[in-house]
Amino acid sequence: MSGNIAYIGIGSNLGNALQNVGEAIEILRDLPDTRLDRLSSLYRTAPVDATGDDYVNAVARLITGLSPDNLLHALWNIENRLGRERPFRNAPRTLDLDILLYNADQINTRQLTIPHPRMAERAFVLVPLAEIDPNVEIPGKEKLSVLLSRLKNQRIDLLDN
């Protein structure tokens with residue numbers, strides 16, 4: 001396994017969100033040529049730019065030999081396995097898995113943008129990311145602590161695990 005570091009945002013707000021996130025984490029542990037290196041706590045957050053119930057969110061750090069495209073397709077397969085549908089943009093979802101960062105790469109293709117384009121605007125991404133790696137650098141963005149200071153108005157609650 002090569003040492004690519006990928007941070008994955010995990011979220012669910014449809015069905016049993018806590019169970020969906022837990023199942024996704026277990027499946028991430030079994031990805032080929034990949035090791036789940038760190039996992040944040042679980043958080044409950046209000047939807048941002050969306051409707052529906054509160055989300056359960058987490059961030060995982062993977063060490064992987066998968067390319068960004070292969071990792072993306074593996075994440076889509078997990079989403080589909082757990083019943084993800086895409087009826088409209090930002091629809092409530094059984095599972096949402098996003099590649100937030102992949103090494104220090106900056107990728108912009110039709111299917112994939114890394115760093116994730118809206119991650120710096122979302123406490124549900126940055127708070128769990130800071131928990132597992134407070135010194136992580138987001139290419140093209142300010143320090144994580146500066147980004148977090150701008151998001152104090154977004155509600156995010158630590159779940160009792």
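Good morning. The structure contains seven salt bridges, counted where a side-chain nitrogen of Lys or Arg lies within 4 Å of a carboxyl oxygen of Asp or Glu. The model is a predicted one, in which local features need pLDDT of at least 70 and side-chain atom pairs count only at pLDDT 80 or more, whereas totals for chains, interfaces and linings use all residues. Residues are numbered from 1 along each chain as its sequence is written, and side-chain values use heavy atoms, with hydrogens and water left out.

Let me take three of these pairs in turn. Glu 26 bridges to Arg 29, with the closest N and O atoms 3.2 Å apart. These two residues are three apart in helix H1, which means a separation of about one helical turn; helices (H or I, at least four residues) and strands (E, at least two) are DSSP runs numbered from the N terminus. Glu 26 is partly exposed at 44% relative accessibility, and Arg 29 is partly exposed at 40%. Here buried means under 20% relative accessible area, exposed over 50%, and partly exposed in between, with a 1.4 Å probe and protein chains only.

The second pair is Arg 61 with Asp 37, at 2.4 Å from N to O. Arg 61 belongs to strand E4 and Asp 37 to strand E2 (residues 34–39), so this bridge ties together parts 24 residues apart in sequence. Arg 61 is buried at 12% relative accessibility, while Asp 37 is partly exposed at 25%. Both belong to a salt-bridge network that links Arg 35, Asp 37, Arg 61 and Asp 133.

Arg 155 sits in the loop between helix H4 (144–149) and strand E8 (156–158), and Asp 54 in the loop between strand E3 (43–45) and E4, so the pair ties together parts 101 residues apart in sequence.

I turn now to the interior. A nonpolar core is a set of buried Ala, Val, Leu, Ile, Met, Phe, Trp, Tyr and Cys residues joined through side-chain atoms within 4.5 Å. The largest one has 31 residues, and Ile 8, Ile 10, Leu 28, Leu 71, Ile 78 and Ile 99 touch the most other members. Two or more residues each come from strand E1 (4–12), helix H1 (17–29), strand E4 (55–64), helix H2 (68–81) and strand E5 (96–102). H1 gives the most, with six residues. A second, separate core of 18 residues includes Met 119, Ile 138, Leu 144 and Leu 151.

Strand E1 is largely enclosed by the rest of the structure, because eight of its nine residues are buried. E1 pairs with E4 in the antiparallel sense over nine bridges, where pairing requires that DSSP find at least two bridges between the strands. Within that pairing, Ala 6 has Leu 62 as its bridge partner. E1 also pairs with E5, again antiparallel, over six bridges, and Tyr 7 is partnered by Leu 101.

Finally, helix H2. Its buried residues are Pro 68, Leu 71, Leu 72, Ala 74, Leu 75, Ile 78 and Glu 79. They lie on the same side of H2, because they cover an arc of only 160 degrees around the axis, taken from the directions from the helix axis to the C-beta atoms. Asn 77 and Arg 81 are exposed on the other side. Just after H2, Gly 83 adopts a positive phi of about 90 degrees. Thank you.
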